[in-house]
Amino acid sequence: NRLPGANTPDLIYRCSGLNCYQENVRIFLNEYKPVPKKMTFKKHYCVSCLINDKPGVVRDYQGLDEVKKLSSFDSARILADKNTYYPETTDLVSTWGLVFLIHENPEQLRKDAEFVHATMKLETLS
């Protein structure tokens, strides 16, 4: 068994109480106990991957201050360093940043994710 990345095990734990790390160790120790067939998520999460469509040297980031004001904002990880070349996003590995959202209401979470994608921008020089 391989655990997913992008803080997903931590997000699952914080939203449902299921500790993926603990379950993974149990599998390796041959002590696996089936989890309940129906998982109850008290909260929902979203990982927004930020896409760069204009490769170049990173000048700045836009929108993070606005995104931090969302009720669902949990954290952000900026992967593109300023004053370095960053390529066009072609896959998950070349995303320039990740924004982690958590909220009780899945509809609000969806709206907030749309806001993140409309607001967060990477400024580059060609």
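## Bridges of V57

In strand β6, V57 has L125 as its bridge partner. Strands here are DSSP runs of type E with at least two residues, helices are runs of type H or I with at least four, and both are numbered from the N terminus. V57 also has a partner in β4, namely Y85. In that strand, G56 is bridged to Y86.

This is a predicted model, in which local features need pLDDT of at least 70 and side-chain atom pairs count only at pLDDT 80 or more, while totals for chains, interfaces and linings use all residues. Residues are numbered from 1 along each chain as its sequence is written, and side-chain values use heavy atoms, with hydrogens and water left out.

## The three-stranded sheet

Strands of a sheet pair through backbone hydrogen bonds, and the pairing can be parallel or antiparallel. Two strands are counted as paired if DSSP finds at least two bridges between them. The order β4-β2-β6 describes an open sheet of three strands with antiparallel pairing. β4 (85-86) and β6 each have a single partner strand and stand at the edges, so one side of each is left without a neighbour in the sheet.

Between β2 and β4 there are two bridges, in the antiparallel sense. β2 and β6 also run antiparallel, and five bridges join them.

## Helix α4

Helix α4 covers residues 106-119, which is 14 residues. From its first C-alpha to its last it reaches 20 Å, close to the 20 Å expected at 1.5 Å a residue; the expected span is 1.5 Å times one less than the number of residues. At the start of α4, the backbone nitrogen of E107 has a side-chain oxygen of N105 within 2.8 Å.

Which residues of α4 are buried? They are L109, D112, A113, V116 and T119, where buried means under 20% relative accessible area, exposed means over 50%, and partly exposed lies in between (1.4 Å probe, protein chains only). These residues cover an arc of only 140° around the axis, which puts them on the same side of α4. The arc is taken from the directions from the helix axis to the C-beta atoms. An α-helix has 3.6 residues a turn, so residues three or four places apart point the same way. The cover over the buried residues of α4 includes β1 (44-50), β2 (56-62), α3 (64-68), β5 (97-103) and β6 (121-125).

F115 also lies in helix α4. At 34% relative accessibility, F115 counts as partly exposed. Leaving aside neighbours within four places in sequence, F115 is in contact (heavy atoms within 4.5 Å) with E66, V67 and L70. F115 and V57 are 58 residues apart in sequence, and their C-alpha atoms are 25 Å apart in space.

## Nonpolar cores

A nonpolar core is a set of buried Ala, Val, Leu, Ile, Met, Phe, Trp, Tyr and Cys residues joined through side-chain atoms within 4.5 Å. The largest one has 14 residues, of which W96 and V116 touch the most other members. β5 and α4 are the elements that give two or more residues to this core. The largest share, three residues, comes from α4. Not counting residues up to four places away in sequence, V116 touches S48, L50, V67, L70, V99 and L101.

Another core lies apart from the largest one. It has five residues, among them L11, L98, F100 and I102. F100 is placed in strand β5 and, at 2% relative accessibility, counts as buried. Beyond four places in sequence, the residues that F100 touches include A6, L11, C46, V47 and F73. F100 and Y21 are 79 residues apart in sequence and 19 Å apart in space, C-alpha to C-alpha.

## Helix α1

In helix α1 (residues 8-16), the buried residues are T8, P9, L11, I12, C15 and S16. They cover an arc of only 160° around the axis, which puts them on the same side of α1. Among the elements that cover them are α2 (20-28), β1 and β5. G17 follows α1 and has a positive phi, near 90°.

## A buried loop residue

Is S94, at 9% relative accessibility, buried or exposed? S94 counts as buried, and it is found in the loop between β4 and β5. Not counting residues up to four places away in sequence, S94 touches Y86, E88 and T89.

Methods:
A polar contact is a pair of N or O atoms within 3.5 Å; within protein, one must be able to donate a hydrogen and the other to accept it, and residues adjacent in sequence count only if both atoms are side-chain atoms.
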